[in-house]
Amino acid sequence: MTGCSPRSLGAEYYRSSALSLAPDMLGKVICRKLADGVVRRYRIIETEAYFGEDDTACHAHRCSTGRARVMYSAGGLAYVHRCHMYNLLTIVTGPEGHPEGVLIRGLEGYDGPGRAGRALGLDLPMYGSPMSPEGHLWQEDDGCHPEFTRHPRIGIPYASEEDRALLWRFRVSEQ
């Protein structure tokens, strides 16, 4: 896109529902500012939505305290959490008081949320930090709107069969 520069997505962007933002985040660029000031940029190729206390796959389903407490915040915060030996990124979305978020499941060149987290250099102290260029992580929109496919969510054996079957995992279509 000649003459267009990427724009950083502000807090208002994240106040929408995870169900609409999960597919919308595909093709966006996630940025990570390192301690030395270097910024790494990766295009998002796979996401997964989590939506409210009734969603048995959502960390807030069982408890509103502990690691899930940030999900009750207004959208626009990084929920960095550990799963097995990996740090994962779920971006908190929606209004304050309704726990929801979008898990970043894949980046160009990095399939899976663990590999994406490793590429981004996620650290647990990033938990609750704003998705903003003033912080560690943010997203940019450079106008890329790829075709995508919908799939059942995966990696959530503790969730109900009904919630696992929801087509809330989104992946950029193969070209």
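This is a predicted model: local features need pLDDT of at least 70, side-chain atom pairs count only at pLDDT 80 or more; totals for chains, interfaces and linings use all residues.
Helix 2 spans residues 113-120, and six of its eight residues are buried, so the helix is largely enclosed by the rest of the structure. The buried positions are Pro113, Gly114, Ala116, Gly117, Ala119 and Leu120. An α-helix has 3.6 residues a turn, so residues three or four places apart point the same way.

Just after the helix, Gly121 adopts a positive phi of about 65 degrees.

## Pairing around strand 3

Strand 3 takes part in several antiparallel pairings. Strand 2 runs antiparallel to strand 3, and five bridges join the two. Within this pair, Arg32 stands opposite Arg40 of strand 3. The hairpin formed by strand 2 and strand 3 has five residues between the strands, and Gly37 in this hairpin takes a positive phi near 90 degrees.

Strand 3 also pairs with strand 6, again in the antiparallel sense, over seven bridges. Here Tyr50 has Gly101 of strand 6 as its bridge partner. A further antiparallel pairing, of three bridges, joins strand 3 to strand 10 (residues 169-172). In that pairing, Thr47 stands opposite Phe170 of strand 10.

## Arg105 in strand 6

Arg105 lies in strand 6. Its relative accessibility is 10%, and because buried means under 20%, Arg105 counts as buried.

Leaving aside residues up to four places away in sequence, Arg105 touches Glu46, Thr47 and Glu48, together with Asp111, Gly112, Pro113, Ile154 and Arg169.

Tyr127 is found in the loop between helix 2 and strand 8 (137-141). With a relative accessibility of 21%, Tyr127 counts as partly exposed, since the buried class is limited to values under 20%.

The contacts of Tyr127, not counting residues up to four places away in sequence, are Gly66, Arg67, Ala68, Arg69 and Val70, along with Ala78, Tyr79 and Val80. Between Tyr127 and Gly106 there is a separation of 21 residues in sequence and 19 Å in space, taken from C-alpha to C-alpha.

How values were computed:
Residues are numbered from 1 along each chain as its sequence is written. Side-chain values use heavy atoms; hydrogens and water are left out. Buried means under 20% relative accessible area, exposed over 50%, partly exposed in between (1.4 Å probe, protein chains only). Helices (H or I, at least four residues) and strands (E, at least two) are DSSP runs, numbered from the N terminus. Contact means heavy atoms within 4.5 Å. Two strands pair if DSSP finds at least two bridges between them.
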